Amino acid sequence: MGAGSDCAGGAGRGPVWQGDHGWSVKGAGAGNASLYYSCTRLPTRGRLTIGTENIDVEGTSWLDREWSTSALAPDVVGWDWAGAHLDDGRDLMFYRLRTRSGGVAPASRVTLID
């Protein structure tokens with residue numbers, strides 16, 4: 001299976017390559033990046049079990065795949081990520097790389113998927 005094959009060929013949307021054709025820069029320095037794609041609207045079904053009660057569920061899920069070439073830059077201590085399905089059919093994804101000083105690293109990103 002190639003990259004993106006887990007969301008190709010079925011209903012939904014994807015793969016959506018993040019960054020420059022999947023090359024998502026995470027900071028300064030050679031190789032501080034990842035190969036990153038999203039499958040933003042996968043039809044999903046399953047069963048939720050709470051105690052002895054089984055509830056069939058279905059909806060739409062979001063799958064991200066990311067392979068990194070390096071650890072975070074020395075001044076980056078973590079990240080926050082969110083994705084949303086918008087009512088008009090678009091999707092919104094953002095990640096914020098947090099710096100040690102409490103700021104936001106320049107490699108942080110917002111993507112609107114049309």
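## Salt bridges

Asp56 and Arg47 are both exposed (over 50% relative accessible area, with buried under 20% and partly exposed in between; 1.4 Å probe, protein chains only). Their side chains meet in a salt bridge with an N to O distance of 3.0 Å; the term stands for a side-chain nitrogen of Lys or Arg within 4 Å of a carboxyl oxygen of Asp or Glu. The whole structure, which is a predicted model, holds 5 salt bridges.

Another salt bridge joins the side chains of Asp80 and Arg96, at 2.4 Å from N to O. Asp80 belongs to strand β5 and Arg96 to strand β6, so this pair ties together parts 16 residues apart in sequence. Strands are DSSP runs of E with at least two residues, numbered from the N terminus. Asp80 has a relative accessible area of 25% and is therefore partly exposed; Arg96 is partly exposed too, at 36%. Through salt bridges that share partners, Asp80, Arg96 and Arg98 are joined into one network. Asp88 and Arg90 also meet through their side chains, with 2.8 Å between N and O, and Arg90 is partly exposed at 28% relative accessible area.

## Basis of the values

Residues are numbered from 1 along each chain as its sequence is written, and side-chain values use heavy atoms, with hydrogens and water left out. Local features need pLDDT of at least 70 and side-chain atom pairs count only at pLDDT 80 or more, while totals for chains, interfaces and linings use all residues.

## Aromatic pairs

A pair of aromatic rings is described by the distance of the centres and the angle of the planes. Rings of Phe, Tyr and Trp (its six-membered ring) pair if their centres lie within 6.5 Å; planes under 30 degrees apart are stacked, over 60 edge-to-face, and the rest tilted. The structure has 4 such pairs. In one of them, Tyr37 and Trp67 are tilted, 6.1 Å centre to centre and with 35° between the planes. Tyr37 sits in strand β3 (residues 33-50) and Trp67 in strand β4 (residues 53-68), so the pair ties together parts 30 residues apart in sequence. Tyr37 is buried at 2% relative accessible area, whereas Trp67 is partly exposed at 44%.

Trp62 and Trp81 form an edge-to-face pair, with 5.7 Å centre to centre and 85° between the planes. Trp62 lies in strand β4 and Trp81 in strand β5 (residues 76-85), so parts 19 residues apart in sequence are tied together. Trp81 is partly exposed, at 37% relative accessibility. Ring pairs also link Trp17, Tyr37 and Trp67 into a cluster.

## Nonpolar core

The largest nonpolar core has 11 residues, among them Val16, Tyr36, Trp62, Met93 and Ile113. Such a core is a set of buried Ala, Val, Leu, Ile, Met, Phe, Trp, Tyr and Cys residues joined through side-chain atoms within 4.5 Å. Strand β6 gives the largest share of this core, 3 residues.

Leaving aside residues up to four places away in sequence, Met93 touches residues including Tyr36, Trp62, Trp81 and Val110 (contact means heavy atoms within 4.5 Å).

## Nonpolar surface patch

Leu92, Phe94, Val110 and Leu112 form a nonpolar patch on the surface, with about 350 Å² of accessible area together. The elements giving two or more residues to the patch are β6 (91-99) and β7 (109-113). Patch residues have over 30% relative accessible area and no salt bridge; like charges are joined within 9 Å and nonpolar side chains (Val, Leu, Ile, Met, Phe, Trp, Tyr) within 5 Å. Accessible areas come from the Shrake-Rupley method with a 1.4 Å probe, and for residues only the protein chains shown count as cover. Val110 is found in strand β7 and is exposed, at 63% relative accessibility.

How values were computed. Helices (H or I, at least four residues) and strands (E, at least two) are DSSP runs, numbered from the N terminus.
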